[in-house]
Amino acid sequence: MIVRKIKVENFRNIKHAELDFCEGVNVFCGDNAQGKTNMLEALSICLGRGFRRARTASLVPFPESDDEQTRPNTSLTLYYEADAFSGKQNTVHYKIVNGRSSVELNGIPLKAASDLYGELRYVIFAPEHLALVKGAAELRRYYIDNIAILQHKAHKRAAADYAAAVKQLAALNNEILASPDTVKNTSDMIGIWSDILIRQGINLTYGRLKYFDLLRKAAVDLYSELTRGNEELNIIYHSNVFGNVEGSLPDFTSKNELYGMYVEKLNKFQFYGQRSDFRIRVGAHKDDILFSINGINGREFGSQGQVKSIALIMKLAEAEIIRSHNRETPVILLDEVLGELDAMRRDYIVNRLGHSQVFITACDHRDFLGSSVDMRVWEVKDGEFYTSGRERFGIL
């Protein structure tokens, strides 16, 4: 897809902006806290999901007076063309009026902006995504689940059913601990929810690994290009039940064998008693993704530049999956991606951006000097956007 234009009214520190974009790289350049990331956030909201976790009220600028009634309304309008219907202009209109948000796609109201997720293909990298490597395992599970959901909506149902089973089994466990006499009354429910936990746990693992394998292969190749072969990235999916898996699940003759492995793993832990929570600690909700560089644990021993490189490459690999698997060209949003990278890695990123339409923030326009890709640059100051073409920064 190609984003042609955005109109922004009263969004964070941006009072008004109307920007026409090129099909190549669109750069928002300036000092910190000027509005560069706010523009990326506006784009991401219109594409389906804001990358910042924020209350709706925080998106609307504060009134100049103390009277909350004078707080302005927020309006974001995105104009884009889909790959399948080139030349046809579509619009996403997101607004906040009196503290309540609403969104329309081509004039048709949607329940929420998140309903666009999966319909409009995009990939975003922001500084908080460094936690993909250094952070808790749940962030990596959330990441791979989002990729699977973007590809196949059935994965969302499997994830929801599995989470419900974990929650219900925990509640039943607590009920038994509080009153041991309830064991007989709850045994049937334990059986039902354990069956859901196992079956959906297998489905969840299958769904993750289907796209993890594609992601791993693309990321390993891209990382080798980024480091010019000087560093080797390895990525492994660690299943809490099935162990380390580099490809897909073992080729069993049927899911019954996988079911049996799940049961065997669960039965190693006592369900009742003071340590009964161990049972719920077994399953797909305890899986993880492991990174290593030249055989060394990337999470524990990777430098800041290496950690950022891994997280960024995972995002670029995600874009490759969309491009090859979905036959669509995703929009790529990159926030402060070049900091902490050495000159070789910055050069690789800047000159590889021409594969998709890109929106990128940067503090120093000189990072883009010499790039041969189609580019449009805005200087951002106090929520306002200025451009006089590429000539302004000596790019031509």
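**Entry 1. Strand 1 and its partners**

I looked up the pairing of strand 1 and found that six bridges join it to strand 2 (residues 14-20), the two running antiparallel. Strands here are DSSP runs of E with at least two residues, helices are runs of H or I with at least four residues, and both are numbered from the N terminus. I count two strands as paired if DSSP finds at least two bridges between them. Within this pair, Lys7 has Glu18 of strand 2 as its bridge partner. I noted that the hairpin of strand 1 and strand 2 has two residues between the strands, and that Arg12 takes a positive phi near 50° there.

Strand 1 also pairs with strand 4 (residues 74-81), in the antiparallel sense and over seven bridges. Here the bridge partner of Glu9 is Ser75 in strand 4.

**Entry 2. Basis of the entries**

I record that this is a predicted model, in which local features need pLDDT of at least 70 and side-chain atom pairs count only at pLDDT 80 or more, while totals for chains, interfaces and linings use all residues. Residues are numbered from 1 along each chain as its sequence is written, and side-chain values use heavy atoms, with hydrogens and water left out.

I checked Asn10, which is found in strand 1 (residues 2-11). Asn10 has a positive phi of about 55° although it is not a glycine. Asn98 likewise is not a glycine and has a positive phi of about 55°. Asn98 lies in the loop between strand 5 (90-97) and strand 6 (100-105).

Is Asn98 buried or exposed? I use buried for under 20% relative accessible area, exposed for over 50%, and partly exposed for values in between, with a 1.4 Å probe and protein chains only. Asn98 counts as exposed because its relative accessibility is 74%.

I then turned to Gln89, in the loop between strand 4 and strand 5. Gln89 has 49% relative accessibility, so it counts as partly exposed. Leaving aside its neighbours within four places in sequence, Gln89 is in contact with Tyr79, Tyr80 and Asn106; contact means heavy atoms within 4.5 Å. Gln89 and Tyr79 are ten residues apart along the chain, and their C-alpha atoms are separated by 6.4 Å.

I traced an open sheet of four strands in the order 10-9-11-12, with antiparallel pairing. Strand 10 (243-245) and strand 12 (296-297) stand at the edges with a single partner strand each, so one side of each is left without a neighbour in the sheet. Strand 9 (residues 233-239) runs antiparallel to strand 10 and is joined to it by three bridges.

Helix 9 (residues 304-325) lies across strand 9 and strand 11 (288-293), at about 125° to strand 11. Such angles run from 0 to 180 degrees between N-to-C directions, and the axes are lines fitted to C-alpha atoms, for helices over the stretch in contact.

I found an open sheet of six strands with mixed pairing, in the order 8-13-14-3-15-16. Its edge strands are strand 8 (122-125) and strand 16 (384-386), each of which pairs on one side only. Neighbouring strands of this sheet are turned by 20° against each other on average, direction ignored. Helix 9 packs on this sheet as well, touching strand 8 and strand 13 (331-334), and its direction makes about 175° with that of strand 8.

Inside the sheet, strand 3 (residues 25-29) and strand 14 (residues 358-362) pair in the parallel sense over five bridges. Cys29 stands opposite Ala362 in strand 14.

**Entry 3. The chain as a whole**

How many helices and strands does the chain have? I count ten helices and 16 strands. Buried residues make up 50% of the 396 residues. Of the contacts with a separation of 6 or more, 69% are between residues 24 or more positions apart. The chain exposes about 19200 Å², of which carbon and sulfur atoms supply 48%; the area comes from the Shrake-Rupley method with a 1.4 Å probe.
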